[in-house]
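Subject: Structure handover

Hello,

Here is the structure for your files. My notes on it follow below.

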Amino acid sequence: MDTLLVITNCPDEETANAIALAAVEEKLAACANLLPRVQSVYRWQGAVESASEIPVLLKTTAAAYPALEAKIRDLHPYEVPEILALPIAHGLPAYLNWVAAETLQ
């Protein structure tokens, strides 16, 4: 079982909630955490930009990742949304088993 932590930043709470709810309802992720707003500074199309964003952390499996990525892209308004999948090297076995059981295989 390969467990992943997927991170995306959303422009507003509505988008963050829509992504979190769809991911969990469709079993693309076992759970999602919406974090408090952060200020992001980045370079986009040659200019330095700044935006207030809502980070979303999703726990999923490698098998479900392609469908989760597609769902995020479908619901996200950014032309190029941040979607990062980080492998979980270690974790409480019972928690990792729960993520696998609650996510499409």
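Exposed here stands for over 50% relative accessible area, buried for under 20%, and partly exposed for what lies in between, with a 1.4 Å probe and protein chains only. Helices (H or I, at least four residues) and strands (E, at least two) are DSSP runs, numbered from the N terminus.

Before the rest, the basis of the notes. This is a predicted model, in which local features need pLDDT of at least 70 and side-chain atom pairs count only at pLDDT 80 or more, while totals for chains, interfaces and linings use all residues. Residues are numbered from 1 along each chain as its sequence is written, and side-chain values use heavy atoms, with hydrogens and water left out.

Helix α2

The buried residues of α2 are Tyr65, Leu68, Lys71 and Ile72. Viewed down the axis of α2, they fall within an arc of 125 degrees, so they line one face of the helix; the arc is that of the directions from the helix axis to the C-beta atoms. These buried residues pack against β1, α1, β4 and β5 (84-87), where contact means heavy atoms within 4.5 Å.

Lys71 also takes part in a salt bridge with Glu26, with the closest N and O atoms 3.3 Å apart. The pair links distant parts of the chain, 45 residues apart: Lys71 belongs to α2 (residues 65-75), and Glu26 to the loop between α1 (13-25) and β2 (31-34). Glu26 is partly exposed, at a relative accessible area of 37%. The structure holds 1 salt bridge, a term that requires a side-chain nitrogen of Lys or Arg within 4 Å of a carboxyl oxygen of Asp or Glu.

Helix α3

In α3 (residues 93-101), Leu96, Val99 and Ala100 are buried. Down the axis of α3, the buried residues stay within an arc of 100 degrees and so line one face of the helix. Ala94 and Ala101, on the other side of α3, are exposed. The cover over the buried residues of α3 includes β1 (3-10) and β4.

How many aromatic pairs does a search of the whole structure find? The search gives 1. Tyr95 and Trp98 form this pair, which is tilted, at 5.4 Å centre to centre and 40 degrees between the planes. For the cut-offs, rings of Phe, Tyr and Trp (its six-membered ring) pair if their centres lie within 6.5 Å; planes under 30 degrees apart count as stacked, over 60 as edge-to-face and the rest as tilted. Tyr95 and Trp98 are 3 residues apart in helix α3, and therefore separated by about one helical turn.

Strands β3 and β4

Strand β3 (residues 38-44) pairs with strand β4 (residues 47-61) in the antiparallel sense, over 7 bridges; two strands pair if DSSP finds at least two bridges between them. Gln39 has Ser52 in β4 as its bridge partner. The hairpin of β3 and β4 has 2 residues between the strands, and in it Gln45 takes a positive phi near 50 degrees.

Thr61 is found in β4 and is buried, with a relative accessible area of 3%. Leaving aside neighbours within four places in sequence, the contacts of Thr61 include Asp2, Thr3 and Leu4, as well as Val99 and Ala100. Thr103, Leu104 and Gln105 are also in contact with Thr61.

Ala64 sits in the loop between β4 and α2, buried at a relative accessible area of 4%. Not counting residues up to four places away in sequence, Ala64 touches Leu28, Thr103 and Leu104. From Ala64 to Thr15 the separation is 49 residues in sequence and 21 Å in space, C-alpha to C-alpha.

Cysteines

The disulfide count is 0, the rule being a pair of cysteine sulfur atoms within 2.5 Å. Cys10 is in no disulfide, and the nearest cysteine sulfur, that of Cys31, is 15 Å away. Cys10 is buried at 0% relative accessibility, and Cys31 is buried with a relative accessible area of 17%.

Regards
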